[in-house]
Amino acid sequence: MNWVMETVSQYGYAAIYILLAVGIVGLPIPDEILMTTVGYLASIQTLDYMPSIAISFLGAMTGMMLSYWLGRTFGHPLLVRYGKYVFLTPDKLDRVAHWFKRYGGWTILIGYFIPGLRHLTCYFSGISGMRFRNYFFIASLGALLWCSIFITMGHALGRMT
């Protein structure tokens with residue numbers, strides 16, 4: 001957690017944006033810790049609360065859009081070819097895509113709050129062929145809720161100390 005606080009303290013909003021964007025794509029960034037740290041830093045006036053939410057939202061959305069387009073462009077052919085190495089046979093891939101078409105919107109919203117699942121939902125939205133407009137709307141709502149909740153929790157914890 002110290003490196004997150006140091007990075008955000010030193011580089012500010014640019015660090016928040018970049019760390020969230022690459023974290024959503026799948027690099028091992030502790031996103032929830034990052035968000036609560038941002039909230040804490042806003043509580044001690046190192047950052048401003050509303051711009052922190054806005055920049056976090058933009059960073060999360062950048063990562064979500066990049067992941068969606070990677071899944072849409074490369075996902076299905078890659079999984080058909082190499083999925084067997086991670087136990088994803090073409091039959092399982094079809095079942096996941098079918099399931100995702102039925103429940104994808106809820107999966108995206110709920111997936112924001114489950115580390116690991118958040119990353120997969122982006123890719124599978126693209127792989128399953130979810131319409132971009134629907135994905136964008138649902139991902140935006142989820143990102144706004146996720147960023148607001150975790151930053152507010154960090155802010156509240158910071159005000160308690």
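Let me start with Met35, which, leaving aside residues up to four places away in sequence, touches Ile16, Leu20, Ser56, Trp146, Cys147, Phe150 and Ile151. Please keep in mind that this is a predicted model.

Met35 also belongs to the largest nonpolar core, a set of 36 residues in which Met35, Met64, Tyr135 and Trp146 have the most contacts. Seven helices, α1 (2-11), α2, α3 (31-43), α4, α5 (90-111), α6 (117-127) and α7 (132-160), each supply at least two residues of this core, and α7 gives the most, with 8 residues.

Now let us turn to one pair of helices. Helix α2, residues 13-25, packs against helix α4, residues 49-82, at an angle of about 30°, and their axes lie 7 Å apart. Angles under 35 degrees count as roughly parallel, and α2 and α4 are therefore described as roughly parallel to each other. The crossing in which α2 passes α4 is right-handed. On the α2 side the contact includes Tyr13, Ile16 and Leu20, and on the α4 side it includes Pro51, Ile55 and Met64. Sorted by class, this contact holds 13 nonpolar and 6 polar residues, with no charged ones.

Which residues does Ala21 touch, not counting those up to four places away in sequence? Ala21, which is found in helix α2, touches Gly59, Thr62 and Gly63. Between Ala21 and Gly59, which are 38 residues apart along the chain, the C-alpha separation is 4.7 Å. Finally, is Ala21 buried or exposed? Its relative accessibility is 10%, so Ala21 counts as buried, given that the cut-off for buried is under 20%.

Definitions and conventions
Residues numbered from 1 in each chain as written. Predicted model: local features only at pLDDT ≥ 70, side-chain atom pairs only at ≥ 80, totals over all residues. Heavy atoms only, no water. Axes fitted to C-alpha atoms, helices over the stretch in contact; angles between N-to-C directions. Helix = DSSP H or I, 4+ residues; strand = E, 2+ residues; numbered from the N terminus. Parallel < 35°, antiparallel > 145°, perpendicular 65-115°, else oblique. Left-handed = near helix turned anticlockwise from the far one by under 90°. Contact = heavy atoms within 4.5 Å. Nonpolar A, V, L, I, M, F, W, Y, C, P; charged D, E, K, R; others polar. Core = buried A, V, L, I, M, F, W, Y, C linked by side-chain atoms within 4.5 Å. Buried < 20%, exposed > 50% of the residue type's maximum accessible area, 1.4 Å probe, protein only.
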